[in-house]
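Dear colleague,

I am passing on the structure below, and after it I set out what I found when I went through it. Please read the notes with the coordinates open beside you.

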Amino acid sequence: MRKAIWEQKTVERDGVKPVWKQPRGNYGSNFWQMYSRKLDRDVHFYSSLERDHGVIVEADPTVAWFCEQPLRINIKVDGRDRETVMDMLIQFTDGREEYREVKYTSDVQRADNGSRVARQLAAQREWAFVTAHGYKIVTEEEIRRNAMFLRNWKQILAYLATYASYDLAEIENQILAAFDVEPSWSLKDLERHIARPDRQTVKAAMFRLIHGGLCTAPLDRYPLTNTLTIQRGTK
């Protein structure tokens, strides 16, 4: 018997946009807002784990774009209608798409057949199977696996948000030209070499280049300090 499925999806220029947002004035203490350079807009999350997931997705060079709260579905499971909203849709640079649900491991492990979480995950798995969409549950074990990487990228995204409207193209070109002089630079030496009165704009330009894959840094192994080594990326 064919399963009855109802879906809500709102299409915008380059993808989809959230189908649900917390009502204004009812955000509570677990509301997070993050500027996404991939999307050139603010992204909203409703738990610290969702926010950390958003950080690693924004930092992932294999992610072309993403959308939070992208799809509301209603599907009949075990004879009852189940409605749920996916936490995120990701499109990778190779064209693959994947819907994701963000959960703590303890919530997934404690979920018995009658719990709200169990019903939610069952509905999402069933929808993904019937519609042949990619689907994954991500937990803190994956999201927070590398605390240094996560901490470094939170600092970088703060810079990208502050300087989102700045034209840094000239400084970015100066930075890229510096790698014709030396193959690698410390962040501090690169700032001195570029010699701009406002060193913060050099950092912001540097972080844009790292975000875009034009430069690389070992952000998974070393803290974001002035001694961090920067190299030209593969793009």
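**What was found**

Ala158 is partly exposed, since its relative accessible area is 43%, a value that falls between the 20% under which a residue counts as buried and the 50% over which it counts as exposed. Please bear in mind that this is a predicted model. Ala158 belongs to helix H5, which covers residues 147-162, and although 123 residues separate Ala158 from Tyr35 in sequence, their C-alpha atoms are 7.9 Å apart in space.

Thr84, a residue of strand E8 (residues 80-85), has a relative accessibility of 6% and therefore counts as buried. The side chain of Thr84 makes a polar contact, at 3.1 Å, with the side chain of Gln124. When neighbours within four places in sequence are left aside, the residues in contact with Thr84 are Leu71, Arg72, Ile73, Gln120, Ala123 and Gln124.

Turning to the sheet, 4 strands form an open arrangement with mixed pairing, in the order E6-E9-E10-E11. Its edges are strand E6 (63-68) and strand E11 (134-138), each of which pairs on one side only, and neighbouring strands are turned against each other by 25 degrees on average, with direction ignored. Within this sheet, strand E9 (residues 88-92) and strand E10 (residues 97-102) run antiparallel and are joined by 4 bridges, with Met88 standing opposite Arg100 in E10.

Helix H1 (residues 48-59) packs on the sheet, where it touches E6, E9, E10 and E11, and the direction of H1 makes about 150 degrees with that of E10. Helix H3 (residues 116-131), for its part, lies across E10 and E11 and runs at about 155 degrees to E11.

After H7 comes Ala195, whose phi is positive, near 55 degrees.

Note on methods: Residues numbered from 1 in each chain as written. Predicted model: local features only at pLDDT ≥ 70, side-chain atom pairs only at ≥ 80, totals over all residues. Heavy atoms only, no water. Pairing = 2+ DSSP bridges. Helix = DSSP H or I, 4+ residues; strand = E, 2+ residues; numbered from the N terminus. Axes fitted to C-alpha atoms, helices over the stretch in contact; angles between N-to-C directions. Contact = heavy atoms within 4.5 Å. Buried < 20%, exposed > 50% of the residue type's maximum accessible area, 1.4 Å probe, protein only. Polar contact = N/O pair within 3.5 Å; in protein donor to acceptor, adjacent residues only side chain to side chain.
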